[in-house]
Amino acid sequence: MITRLDHMAISVADLERSIEFYARHFGLEHYFTQESPAPHLRAIAYLRSPRGVVELMHIPDHHMGAGFHFCFVSDDFDADYQRLVDAGVAVKSPPRPTAAREPSEAGWLRCVFGGPDGEEVELRGPGSVAG
């Protein structure tokens, strides 16, 4: 039986830029880098969140496909949204109501920010700043 999702991976052109972006804006902790793990990879950096890991694969010539995204859940959507906007993180889709996939998500909002390599970073959670 599957017990949890361990990590999700994205390819990045500039490893240090992406480590700094996710640490600064989303509070992820960089805890390990593996140099040259495979012929097509320069390095892999691992960043942990309270409930999972984001793996940054340093592949300078690979670009993320359209629509690729991952999502963080916020316990204070309004504050996190404003903090990211104030920090200059590009908003690709402003806050709007989202369907509740389960009852605890009733009244949640979602928005999408742009990441440094074209990836989209969705933010979901209870909030009031739909716009």
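This note sets out points on a predicted model, for a reader who meets the structure here for the first time.

1. Basis of the note. The model is predicted; local features need pLDDT of at least 70, side-chain atom pairs count only at pLDDT 80 or more, and totals for chains, interfaces and linings use all residues. Residues are numbered from 1 along each chain as its sequence is written, and side-chain values use heavy atoms, with hydrogens and water left out.

2. The main nonpolar core. The largest nonpolar core holds 26 residues, of which Ile10, Tyr22, Phe26, Leu56, Phe70 and Phe72 touch the most other members. Such a core is a set of buried Ala, Val, Leu, Ile, Met, Phe, Trp, Tyr and Cys residues joined through side-chain atoms within 4.5 Å. Two or more residues each come from β1, α1 (15–26), β3 (41–49), β4, β5, α2, β7 (108–114) and β8. Helix α1 gives the most to this core, with five residues. Helices (H or I, at least four residues) and strands (E, at least two) are DSSP runs numbered from the N terminus. In soluble globular proteins, nonpolar side chains tend to be buried together.

3. Ile10 and its partners. Leaving aside residues up to four places away in sequence, Ile10 touches Tyr22, Glu55, Leu56, Met57, Met64, Phe68, Phe70 and Glu119. Contact here means heavy atoms within 4.5 Å.

4. The largest pocket. The space in the largest pocket is about 760 Å³. A pocket is found on a 1 Å grid over the protein atoms alone, as an open set of points where a 1.4 Å probe fits, with protein on both sides within 12 Å along at least five of seven lines; lining residues have an atom within 4 Å of a point. Grid points are joined across faces, edges and corners, and the volume is the space filled by probe spheres set on the points. Ser49, Arg51, Cys71, Phe72 and Val73 are the closest to the pocket centre among its 24 lining residues.

5. Composition of the lining. Which strand gives the most to the lining of the largest pocket? It is β5, with four residues. At least two residues each are supplied by β1 (7–12), β4, β5 (69–73), α2 (77–86) and β8 (120–126). By type, the lining divides into twelve nonpolar, four polar and eight charged residues. In this count Ala, Val, Leu, Ile, Met, Phe, Trp, Tyr, Cys and Pro are nonpolar, Asp, Glu, Lys and Arg are charged, and the others, Gly among them, are polar.

6. His58. This residue is found in strand β4 (residues 52–58). His58 counts as buried because its relative accessibility is 14%; buried means under 20% relative accessible area, exposed over 50%, and partly exposed in between (1.4 Å probe, protein chains only). The His58 side chain reaches the backbone oxygen of Ala13 at 3.0 Å. Beyond four places in sequence, His58 touches Val12, Ala13, Asp14, Leu15, Leu41, Arg42 and Ala43.

7. Ser18 is found in helix α1 and, at 0% relative accessibility, counts as buried. Its side chain is joined to that of Asp117 by a polar contact of 3.3 Å. A polar contact is a pair of N or O atoms within 3.5 Å; within protein, one must be able to donate a hydrogen and the other to accept it, and residues adjacent in sequence count only if both atoms are side-chain atoms. Pro116 is found in the loop between β7 and β8 and is partly exposed, at 24%. Among the residues that Pro116 touches are Arg17, Ser18 and Phe21. Pro116 and Ala106 are ten residues apart in sequence, yet 31 Å apart in space, C-alpha to C-alpha.

8. His7. His7 is found in strand β1 and is partly exposed, at 33% relative accessibility. Its side chain makes polar contacts with the side chains of Asp6 (2.8 Å) and Glu55 (2.9 Å).

9. Ser36. Strand β2 (residues 29–38) contains Ser36, which is exposed, with a relative accessible area of 55%. Phi of Ser36 is near 45°, a positive value in a residue other than glycine. Most residues other than glycine have a negative phi.
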